[in-house]
Amino acid sequence: MNGITIFAPEGNAAVRFAAGDLSDRGINIADTPAEDVTHLLLPVPSFDRDGNIRGCGAPEPVLKALPKDVTVIGGGLGHPALKGRRQIDLLEDAQYLAENAAITADCAIRIAGSNLSTVFRGCPILVIGWGRIGKCLARQLAQMGTEVTVAARGESDRAMVQALGFRAEHTQALRFGLLRYRVIFNTVPAPVLSREQLRFCRSDCVLIDLASQPGIAGDTVIWARGLPGKDVPEASGHLIARCVLRRLAAREAAI
């Protein structure tokens with residue numbers, strides 16, 4: 001991929017791993033922002049709640065030092081400072097989202113294990129939501145010998161849950177069976193379990209919320225957002241690099 005030079009701001013571990021992988025594959029990685037940079041590589045997701053690049057500070061000084069036609073690679077690139085810039089948004093990339101969901105599920109299971117006083121085999125676990133992360137969680141947990149129940153609102157989703165060999169529950173009927181679970185994972189970014197409903201859980205139930213917006217209310221809930229980048233930056237960086245190479249190759253082939 002001749003003519004490509006990527007600048008990756010320091011401060012984010014996953015981006016460092018990604019830049020290392022890209023360098024190993026022959027991509028030129030710039031040490032500083034300069035006029036010869038063609039692509040800016042940001043974390044995924046790219047920005048925190050204050051509008052700063054995650055772990056790297058404000059975006060404006062970096063962008064000012066780069067050419068106007070630089071292509072920004074990251075995730076969630078709706079920041080006003082990027083208006084009019086060419087973009088590759090990995091949070092709109094189906095392959096990235098699928099693989100990132102599998103890594104997130106693995107991280108979530110690690111967290112559950114570190115908070116459990118028993119083994120996973122035979123452990124009754126509830127997964128709320130049947131999206132990408134919910135599906136990956138259910139599969140990985142089942143492979144570990146747990147008793148997996150999946151709660152979903154849609155009738156077709158519950159039918160598929162059962163067809164794949166898991167127990168299925170309607171999300172709105174959860175309070176009636178909560179006492180049986182040792183671990184509850186939520187993947188739904190909307191209120192699903194209130195403080196009142198948590199009274200029906202075991203006192204030693206491990207509650208882990210993986211959603212971008214909390215779905216479980218309560219003081220004992222582990223709200224675990226952005227797990228791959230924080231917990232396994234090497235795996236996250238490898239995924240970013242693979243997706244960047246694929247997208248760059250596709251653009252080069254289209255020219």
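Asp106 and Arg110 are four residues apart in helix 3, a separation of about one helical turn; helices here are DSSP runs of H or I with at least four residues, strands are runs of E with at least two, and both are numbered from the N terminus. This is a predicted model, where local features need pLDDT of at least 70 and side-chain atom pairs count only at pLDDT 80 or more, while totals for chains, interfaces and linings use all residues. Residues are numbered from 1 along each chain as its sequence is written, and side-chain values use heavy atoms, with hydrogens and water left out.

**Salt bridges**

- Asp106 and Arg110 form a salt bridge, with their closest N and O atoms 3.2 Å apart (the term means a side-chain nitrogen of Lys or Arg within 4 Å of a carboxyl oxygen of Asp or Glu).
- Asp106 is partly exposed at 33% relative accessibility, whereas Arg110 is exposed at 54% (buried is under 20% relative accessible area, exposed is over 50%, and partly exposed is in between, using a 1.4 Å probe and protein chains only).
- Through shared partners, salt bridges also link Asp93, Arg246 and Arg247 into one network.
- The structure holds 11 salt bridges.
- Another of these pairs Glu99 with Arg242 at 2.6 Å, N to O.
- Glu99 sits in helix 3 (residues 94–115) and Arg242 in helix 8, so this pair ties together parts that are 143 residues apart in sequence.

**Cavity**

- There is one cavity of 30 Å³ or more (on a 1 Å grid over the protein atoms alone, a cavity is a set of points where a 1.4 Å probe fits but cannot get out, and lining residues have an atom within 4 Å of a point).
- The largest cavity has a volume of about 50 Å³, where volume is the space filled by probe spheres set on grid points joined across faces, edges and corners.
- Residues lining the largest cavity include Asn12, Arg54, Ser236 and Ile240.
- Ser236 belongs to helix 8 (residues 233–254) and is buried, with a relative accessible area of 3%.

**Cysteines**

- The structure has zero disulfides (a disulfide is a pair of cysteine sulfur atoms within 2.5 Å).
- For Cys123, the closest cysteine sulfur is that of Cys205, 8.9 Å away and too far for a bond.
- For Cys205, the closest cysteine sulfur is in Cys201, at 4.8 Å, also too far for a bond.
- Cys123 is buried at 3% relative accessibility, and Cys205 is buried at 10%.

Conventions
1 Å grid on protein atoms, 1.4 Å probe; cavity = no way out; pocket = protein on both sides within 12 Å on 5 of 7 lines; lining within 4 Å.
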